[in-house]
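Subject: Structure for your review

Dear colleague,

Please find below the structure that I am handing over to you. My notes on its aromatic residues follow.

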Amino acid sequence: MAQNQQPIFQTKPPEQFVQIPINIERDSSTTRMNQTGITNRKPNHWPTITISIIFVIIGQSIAKLLENFYYDKINRSEYNENRQNDGVWTQSLLQTVGFPLLLLPFLIFITKNKRNHHQQPPITSDSIHVKSLAVIYICIGIIMAVQGRLAAMGKLEIPFGVFTLIYTTQLFFTPIFAAFINKIKFNRWVVISVILAIITGALTLSSSFGGEPDEAEENYARGSWAALFAGICFALLLCNIQNVFDSYIFKRTETTNKKTSFASVFEVIIFSSLVATIISVVGLLIAGEQHELKREMNGFSKGKGSYVMAMVGQAVSWQVYWVGIVGLVYSVSSVLSNVISVITWPIVSVLVVIFFNFMDDEFDAFKGVALVTAVLSAAAYFFRLHKENRMAN
């Protein structure tokens with residue numbers, strides 16, 4: 001890049017200027033992967049990482065609590081086998097339909113970024129990048145819709161503990177996809193973090209779920225395959241999002257010697273969610289779930305207002321979650337993003353125990369150990385990330 005071109009022979013070191021960002025930014029010059037699979041970060045990225053983690057925890061926790069509330073209050077235990085999978089497209093839709101909420105912060109970041117770099121020359125390859133990104137966003141949107149639908153179906157077909165164990169396999173697939181798609185190499189601390197995250201996910205098998213099927217409704221073959229492919233889709237989703245950042249968005253700014261702002265996170269979510277929302281709406285209409293929504297609202301035990309609030313709350317919470325998840329991919333990698341997503345599960349399981357009175361659901365040893373391994377998993381990854389930051393400075 002232009003900023004790194006210096007004379008071969010110098011009588012004194014060149015002056016270096018440090019820019020303190022007023023908004024959340026990532027320097028495009030730091031996107032090259034080192035041997036550990038973690039990009040060389042500057043210390044000012046820790047606030048971005050911290051905020052993203054908080055968003056993941058808050059967004060996923062509230063979304064899951066409201067999902068349990070929804071299934072609990074529609075009296076799903078009284079449903080018959082023919083209506084067992086009612087609402088799976090609706091649940092998939094709720095994960096992406098709230099993307100218009102991100103338009104305002106996206107425009108704010110875009111405006112600030114243009115103001116800071118208004119003197120930069122235009123990028124001649126912009127049209128190529130736009131066409132490539134359009135295709136990629138369509139692919140990511142398809143994966144998002146399929147993943148949401150499969151996960152929603154899997155939880156209604158098999159016991160939640162079995163679903164959790166199978167769905168945890170996403171942590172096996174994410175490093176594999178990251179190695180092939182993102183060319184990431186791993187050191188022992190990252191491997192330890194992933195292993196502890198897998199243990200954390202597996203230990204949440206004792207968690208309860210409001211939509212869990214009874215014995216007559218269980219379909220292990222269909223539910224297990226749905227859970228497995230949902231995990232694969234989520235791993236593939238994260239790695240493709242990282243590929244968008246590394247191969248397109250960061251390279252798009254290199255020729256202009258400027259930084260990419262957090263607006264790129266909103267860009268990925270908005271355009272991908274638009275595609276996923278269209279697919280989920282079409283699936284919902286084909287399945288005829290629009291007729292079930294009215295019936296559910298009228299029969300909701302807490303009233304129509306509570307039903308609407310539960311649905312809207314899920315849509316908003318999922319957007320908070322996606323900002324955190326994609327923000328972690330933007331700041332670090334798809335692997336850390338997946339690790340943080342999974343180690344949040346014990347927090348959700350404890351909150352379910354607190355807010356709901358599901359049969360045989362209590363704070364047991366599994367949940368306690370899961371919380372400990374979750375902390376250790378995060379600590380292992382952040383320890384290595386801290387060492388990488390020190391080596392880069």
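Which residues form one aromatic cluster? They are F69, Y70, Y71, F160, F163, Y167, F209, F300, Y307 and W345.

Please note that the model is predicted, with pLDDT of at least 70 required for local features and 80 or more for side-chain atom pairs, whereas totals for chains, interfaces and linings use all residues. Residues are numbered from 1 along each chain as its sequence is written, and side-chain values use heavy atoms, with hydrogens and water left out.

Rings of Phe, Tyr and Trp (its six-membered ring) are paired if their centres lie within 6.5 Å; planes under 30 degrees apart are called stacked, over 60 edge-to-face and the rest tilted. The count by this rule is 22 aromatic pairs.

One of these pairs is Y137 with F271, which is stacked because the ring centres are 5.8 Å apart and the planes stand at 10°. Y137 belongs to helix α4 (residues 126-157) and F271 to helix α9 (residues 263-287), so this pair links distant parts of the chain, 134 residues apart. Helices here are DSSP runs (H or I, at least four residues), numbered from the N terminus.

As to accessibility, buried means under 20% relative accessible area, exposed over 50%, and partly exposed in between (1.4 Å probe, protein chains only). Y137 is buried at 6%, whereas F271 is partly exposed at 38%.

W189 and F383 form an edge-to-face pair, since their ring centres are 4.8 Å apart and their planes at 65°. W189 is in helix α7 (residues 188-203) and F383 in helix α14 (residues 365-392), so the pair ties together parts 194 residues apart in sequence. W189, at 25%, is partly exposed, and F383 is partly exposed at 37%.

Yours sincerely

Definitions and conventions
Helix = DSSP H or I, 4+ residues; strand = E, 2+ residues; numbered from the N terminus.
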